[in-house]
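Trainee: I would like to learn how to read a protein model. Can we go through one step by step?

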Amino acid sequence: WRVAWCKVYRPIAYYCAFFSIRAKAFSYETCCQGKNRLNALIDEYKKREAELKTQNKKLSDTEANELHDMHIVQEMYARGFEFIQIDLTKVSARYFREVDGKIMPALSSISSIGAKAADAMITKIVEAAENGPFLSKDDFCIRSGASRAVADKLGELGILGDIPESNQLSLFDM
């Protein structure tokens, strides 16, 4: 009853708790890029599932878990709730948070950043972000202690904004 009450009267808190605790294969890249992209991915999974069924096979456990989590996100979108892009000054390592009536995913929801890596990086990243904007991906790596692969992934997802690769100026940039 408590879960049902939360789902009806505190839906954002419910989804934050679900994605933080119960989701088995939540991926920022698949679930947080908008309703249309998510629906297209679900259709692909269902098509693949139908093809496998004709061969008396099933989706792998990982794919089945991803599809389950995508259905919960689809329900969330249908109810009018949205994700907000990760803000490095407010993000949590493992827990989804409510920010301005929207849901901010955890840092560990990004596929190349696992839970242990997120735990190790989170305080350094938040402190570095609070000390001013990052000038480049190199600056991000130096100030936060994150690897270049993490910086590239965050840049690819738009979390670092449109910062340059390095602090070096090029004659062609002028």
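Trainee: What percentage of the residues of the protein count as buried?

Mentor: Keep in mind that this is a predicted model. A residue counts as buried when its relative accessible area is under 20%. Here, 41% of the 174 residues fall in that group. The accessible surface of the protein comes to about 10700 Å², and carbon and sulfur atoms hold 52% of it.

Trainee: How many helices and strands are there in the protein?

Mentor: There are 8 helices and 2 strands. Read from the N terminus, the order is α-α-α-α-α-β-β-α-α-α. The C-alpha trace spans about 60 × 40 × 30 Å along its principal axes.

Trainee: Which residues are buried in helix 7?

Mentor: Helix 7 covers residues 137-144, and its buried residues are Lys137, Asp139, Phe140, Cys141 and Ser144. They pack against helix 6 (115-130) and helix 8 (148-156).

Trainee: What is found at the start of helix 7, and what just after helix 7?

Mentor: At the start, a side-chain oxygen of Ser136 comes to within 3.4 Å of the backbone nitrogen of Asp138. Such a pair of N or O atoms counts as a polar contact within 3.5 Å. Just after the helix, Gly145 has a positive phi of about 80°.

Trainee: How many positive and negative side chains does the protein have?

Mentor: There are 24 positive and 24 negative side chains, and the centres of the two sets are 8 Å apart.

Trainee: What share of contacts joins residues at least 24 apart?

Mentor: Among contacts between residues at least 6 apart in sequence, the share is 55%.

Key: Residues numbered from 1 in each chain as written. Predicted model: local features only at pLDDT ≥ 70, side-chain atom pairs only at ≥ 80, totals over all residues. Heavy atoms only, no water. Buried < 20%, exposed > 50% of the residue type's maximum accessible area, 1.4 Å probe, protein only. Helix = DSSP H or I, 4+ residues; strand = E, 2+ residues; numbered from the N terminus. Contact = heavy atoms within 4.5 Å. Polar contact = N/O pair within 3.5 Å; in protein donor to acceptor, adjacent residues only side chain to side chain. Areas by Shrake-Rupley, 256 points an atom, 1.4 Å probe, with all protein chains shown as cover. Lys, Arg positive; Asp, Glu negative; His and termini not counted. Charge placed at Lys NZ, Arg CZ, Asp CG, Glu CD.
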